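This report goes through selected features of one protein structure. Please keep the sequence and the 3D view at hand while reading.

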Amino acid sequence: MSNIKKAFANGKAFIPFITCGDPDLETTAKAVREMAKNGAALVELGIPFSDPTAEGPVIQGANIRALAGGVTTDKVFELVCDLRKDVTIPMVFMTYANVVYSYGTERFMKRCRETGIDGVILPDVPFEEKEEFQAAAKENEIDFISLIAPTSSDRISMIAKEAEGFIYVVSSLGVTGVRSEIRTNIADIVKVIRENTDTPCAVGFGISKPEQAKAMAAVSDGAIVGSAIIRLLEQYGKDAAPFIGEYVKKMSEAVKQADE
């Protein structure tokens, strides 16, 4: 069993996302530790990029602030080394193809293995073009995580059959961000996924409230939240970690209720 699948071994998983280095890497480290302590099953770490095409204005702002603060890919790897001294839950990178490519794909995946990263999500790499990245990931025992969107339609089964770690189900069209309601029929997408793989799937994009997380986890294996956490960082800055911990506790409890 991959380390990522262990995140789903004890029921529904709550997966928070954070942009590394917003407002600084020390705050990121404190926040991740609070997440782990308060029920996060897995954490997505965003490596900042100058053109994060899948992100809405909230996470775009976090990327800009992190880059302005001097965050580099190497500094993010150092952060992971520090976190791995005491954080045992799975951690995955969410970033963009250019970040990996410019670092050197093989070198990047090797550093992931050395530092304790379990998987990589590249939202701008289509399923049909993943091989260049997936081969290096596989060589280093890193799960290359697939995304399935409402527009994937007849490609869902094909993507699901080759999925590793977990499947990121995109709840809505467009970019990341808080939404008042999610109208996509997630249950239908998950049904096709389950017919083709036993790899767990979690739903992201637009989730911010406990009731939304619970509803999404009820039809899948977990819920992913990013923008709502970045908003706490915007609001509280370097003092955000305990507030993020409280939020993660509330959301992970809601997700667990979907098991009952």
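This is a predicted model: local features need pLDDT of at least 70, side-chain atom pairs count only at pLDDT 80 or more; totals for chains, interfaces and linings use all residues.

Phe205 sits in the loop that joins strand S8 (201-204) to helix H10 (210-219). Its phi is positive, about 80 degrees, although Phe205 is not a glycine.

Glu141 also has a positive phi, of about 60 degrees, and is not a glycine. Is Glu141 buried or exposed? Glu141 is exposed, because its relative accessible area is 71% and the cut-off for exposed is over 50%. The loop that holds Glu141 runs between helix H7 (131-139) and strand S5 (143-145).

A further backbone feature concerns a proline. The peptide bond from Asp22 to Pro23 is cis, and its omega is near 0 degrees. Pro23 belongs to the loop between S1 and helix H2 (25-37).

## Helix H3

Helix H3 covers residues 57-68, which makes 12 residues. From the first C-alpha of H3 to the last, the helix reaches 16 Å, close to the 16 Å expected at 1.5 Å a residue. After H3 comes Gly70, with a positive phi near 90 degrees.

Which residues of H3 are buried? They are Val58, Ile59, Gly61, Ala62, Asn63 and Ala66. These buried residues pack against two elements, strand S1 (13-19) and helix H11.

## H3 against H11

The axes of H3 and H11 are 9 Å apart, and the two helices pack at an angle of about 50 degrees. H3 and H11 are therefore oblique to each other. Their crossing is left-handed.

On the H3 side, the contact is made by Val58, Ile59, Ala62 and Arg65. On the H11 side, Ser227, Ile230, Arg231 and Glu234 take part. By class, the residues of this contact divide into four nonpolar, one polar and three charged.

## H11 against H12

H11 (residues 227-236) also packs with helix H12 (residues 241-257): their axes come within 9 Å and cross at roughly 155 degrees. That angle makes H11 roughly antiparallel to H12, because angles over 145 degrees count as roughly antiparallel. The crossing of H11 and H12 is right-handed, whereas that of H3 and H11 is left-handed.

Which residues of H11 and H12 meet? From H11 they are Ala228, Ile229, Leu232, Leu233 and Tyr236, and from H12 they are Phe243, Ile244 and Tyr247. This contact of H11 with H12 has eight nonpolar residues, with no polar and no charged ones. The contact of H3 with H11, in turn, includes three charged residues.

## Ile156 in helix H8

Ile156 is part of helix H8, which spans residues 156-161. Ile156 is buried, because its relative accessible area is 6% and buried means under 20%.

What does Ile156 touch, leaving aside residues up to four places away in sequence? Ile156 touches Ile148, Ile189, Val192 and Ile193. Asn196 is 40 residues from Ile156 along the chain, and the C-alpha atoms of the two are separated by 8.9 Å.

Notes
Residues are numbered from 1 along each chain as its sequence is written. Side-chain values use heavy atoms; hydrogens and water are left out. Axes are lines fitted to C-alpha atoms, for helices over the stretch in contact, and angles run from 0 to 180 degrees between N-to-C directions. Helices (H or I, at least four residues) and strands (E, at least two) are DSSP runs, numbered from the N terminus. Angles under 35 degrees count as roughly parallel, over 145 as roughly antiparallel, 65 to 115 as roughly perpendicular and the rest as oblique. A crossing is left-handed if the near helix is turned anticlockwise from the far one by less than a right angle, and right-handed if clockwise. Contact means heavy atoms within 4.5 Å. Ala, Val, Leu, Ile, Met, Phe, Trp, Tyr, Cys and Pro count as nonpolar, Asp, Glu, Lys and Arg as charged, and the others, Gly among them, as polar. The expected span of a helix is 1.5 Å times one less than its number of residues. Buried means under 20% relative accessible area, exposed over 50%, partly exposed in between (1.4 Å probe, protein chains only).
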